[in-house]
Amino acid sequence: MYFIDTHAHIDMLKELTPEETVKKSEDEGVKYIINVGTTIESSRKSLEFAEKFDNVFASVGVHPHYASGFKDKEIKTLDSLIRGAGGGGRYEKVVAVGETGFDFYRNLSTEADMERAFSSQIELAIKYDVPVIIHDRDAHLKTLEVVKKYAGNKKFRAVVHCFSGDMNFAEKCFELGLYISFTGIVTFPNAGDVLNVVKEVPLERIFIETDSPFLAPQAKRGSENYPGYVKYVAEKIAEIKGLSIEKVAEITSENAENFFSLIKNN
């Protein structure tokens, strides 16, 4: 049995070094980690980790918080990061673009800037035939509006990370071919609608993630989240669905391996 943390920010951890993070996560049964960029700088870090650790893969992108500074220069930089040192096709350890999307909770960028950055990064992902990692906070309708423009493209595939919507939103995501990913939120006492979504959605359409260092599971509240805690997300999903944790680990890992082409790249 092993787990895959499909969304972590190792570069943001303060209590563990990258080396300690990877080793401790392996000890907890985490086979692969996808480190996700939020800025150009963190995207470069993500690439560094992917090159340094065999079981770490990179996603490069610019978070909606920083969309106001997303210009042609940033697009070109992300493009070059995806190509890597070889400069030809996609560097195999870059497995996604993002995280990108909308954040209407903090509104640190304008909606227009967020949409422009989101669309540009979707088009970059399509160019290199990799998935998009979507950040959607309080922006379900706008997220769907943009995704619909690309849903017919055979090379477009995406996941709504840190899923926080209800079953109606989940169904609309599935209709557009999206996957959804759950974090430690599922373990919180106030998880609400998310628990119903976990119960109802097919296991074959979901991933598990930590979003570390954020959203530590309830059993570890107050401590810094890291990829090793993804097992708590799997445990809660297993409990809600009446399945074994082994089954949840098996199916969500298979989902992630296929979606992000992790086996082919390792």
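Predicted model: local features only at pLDDT ≥ 70, side-chain atom pairs only at ≥ 80, totals over all residues.

Guide: Residues are numbered from 1 along each chain as its sequence is written, and side-chain values use heavy atoms, with hydrogens and water left out.

Visitor: How do you know how many disulfides there are?

Guide: A disulfide is a pair of cysteine sulfur atoms within 2.5 Å. The sulfur of Cys162 lies 13 Å from the closest cysteine sulfur, that of Cys173, which is too far for a bond. Cys173 is likewise in no disulfide, and the count comes to zero.

Visitor: What makes Cys173 count as buried or exposed?

Guide: Buried means under 20% relative accessible area, exposed over 50%, and partly exposed in between, with a 1.4 Å probe and protein chains only. Cys173 has 0% relative accessibility and therefore counts as buried. Cys162, with a relative accessible area of 15%, is buried as well.

Visitor: Why are α2 and α3 called roughly parallel?

Guide: Helices (H or I, at least four residues) and strands (E, at least two) are DSSP runs, numbered from the N terminus. Axes are lines fitted to C-alpha atoms, for helices over the stretch in contact, and angles run from 0 to 180 degrees between N-to-C directions. Angles under 35 degrees count as roughly parallel, over 145 as roughly antiparallel, 65 to 115 as roughly perpendicular and the rest as oblique. The axes of α2 (residues 40-52) and α3 (residues 72-83) cross at roughly 0° and come within 11 Å; the two helices are therefore roughly parallel.

Visitor: Which residues of α2 and α3 meet?

Guide: Ile40, Ser43, Arg44 and Leu47 in α2 meet Glu74, Thr77, Leu78 and Leu81 in α3, where contact means heavy atoms within 4.5 Å.

Visitor: What span is expected of helix α8, and what does the model give?

Guide: The expected span is 1.5 Å times one less than the number of residues. Helix α8 (residues 230-241) has 12 residues and reaches 17 Å from its first C-alpha to its last, close to the expected 16 Å. Its buried residues include Tyr232 and Ile237, and α8 is followed by Gly242, whose phi is positive, near 70°.

Visitor: Where is Ser261 found, and is Ser261 buried or exposed?

Guide: Ser261 is in the loop between α9 and α10 (262-265). Its relative accessible area is 15%, so Ser261 is buried. Leaving aside neighbours within four places in sequence, Ser261 is in contact with Arg157 and Ala256.
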